[in-house]
Amino acid sequence: MTLSGCGDGADSRAMDRRRLSRVAVVSALAGLMSLAFTLQPVAALQLPGDPALAMLFSVEQAMLDLTNADRAANGVDPLEFDPETLAIARARAASQLDTPSLTHYDANGELVFVHLLADAQIGYQLAGENLARVNAEDASVTGRVEQALMTSPTHRKNILERTFTRVAIGSATDGQGQLTIAEVYRN
């Protein structure tokens, strides 16, 4: 299992307003792909007939439930599902499928999710991102991923950050057993 956590979060005042056209295209495509699913939590949706999509929606909902269970167990209020950033979380998960290692940064050393939030004109004071990748397709995969995230200090910091009030969790698979998960947190 591979994990990558942006534990320091991102301060909106420090964002560079320059945008890469590649980032804008990814954001637009992700927005179009998930438009029908951004108005309510995954559990409230009628799932389409594609088993691969149903599995991804199930992973996203399970990760949200596990994240909130960990917050509750540590005396922290639960996070609300964030439909505004769902397309960004799904795009971030998909972007990590073919990379040799998980990364929060673009070629210029800047945080990709920060650019995507700005491109979508989504405001925040503090934001963070957790990334995970696993090669497995069994029912226990979400529990193992959440346990690994909670074991890692930077990921745990994002999960238990009291300032964060919302989260969107996106997932992607390559169809050959590799699953990536991206959690985008903000207040």
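User: Which residues have the most contacts inside the largest nonpolar core?

Analyst: The model is predicted, and the answer is read from it. Its largest nonpolar core has 35 residues, and α2 (51-73), α3, α4 (112-119), β3 (126-135), α5 (141-151), α6, β4 and β5 each supply at least two residues of this core. Those with the most contacts inside this core are Met63, Leu117, Val145, Leu179 and Ile181.

User: With which residues is methionine 63 in contact, leaving aside its neighbours within four places in sequence?

Analyst: Methionine 63 is itself one of the residues with the most contacts inside the largest core. Once those neighbours are set aside, the residues in contact with methionine 63 are Thr142, Val145, Glu146, Leu149, Ile169, Ile181 and Glu183.

User: Why does the aromatic pair of phenylalanine 164 and tyrosine 185 tie together parts that are apart in sequence, and how many residues apart are they?

Analyst: The two rings are stacked, at 5.4 Å centre to centre with 25° between the planes, where under 30 degrees counts as stacked. Both phenylalanine 164 and tyrosine 185 are buried. Because phenylalanine 164 lies in the loop between α6 (153-160) and β4 (166-173) while tyrosine 185 belongs to strand β5 (residues 178-186), the pair ties together parts whose separation in sequence is 21 residues.

Methods. Residues are numbered from 1 along each chain as its sequence is written. This is a predicted model: local features need pLDDT of at least 70, side-chain atom pairs count only at pLDDT 80 or more; totals for chains, interfaces and linings use all residues. Side-chain values use heavy atoms; hydrogens and water are left out. Rings of Phe, Tyr and Trp (its six-membered ring) pair if their centres lie within 6.5 Å; planes under 30 degrees apart count as stacked, over 60 as edge-to-face and the rest as tilted. Helices (H or I, at least four residues) and strands (E, at least two) are DSSP runs, numbered from the N terminus. Buried means under 20% relative accessible area, exposed over 50%, partly exposed in between (1.4 Å probe, protein chains only). A nonpolar core is a set of buried Ala, Val, Leu, Ile, Met, Phe, Trp, Tyr and Cys residues joined through side-chain atoms within 4.5 Å. Contact means heavy atoms within 4.5 Å.
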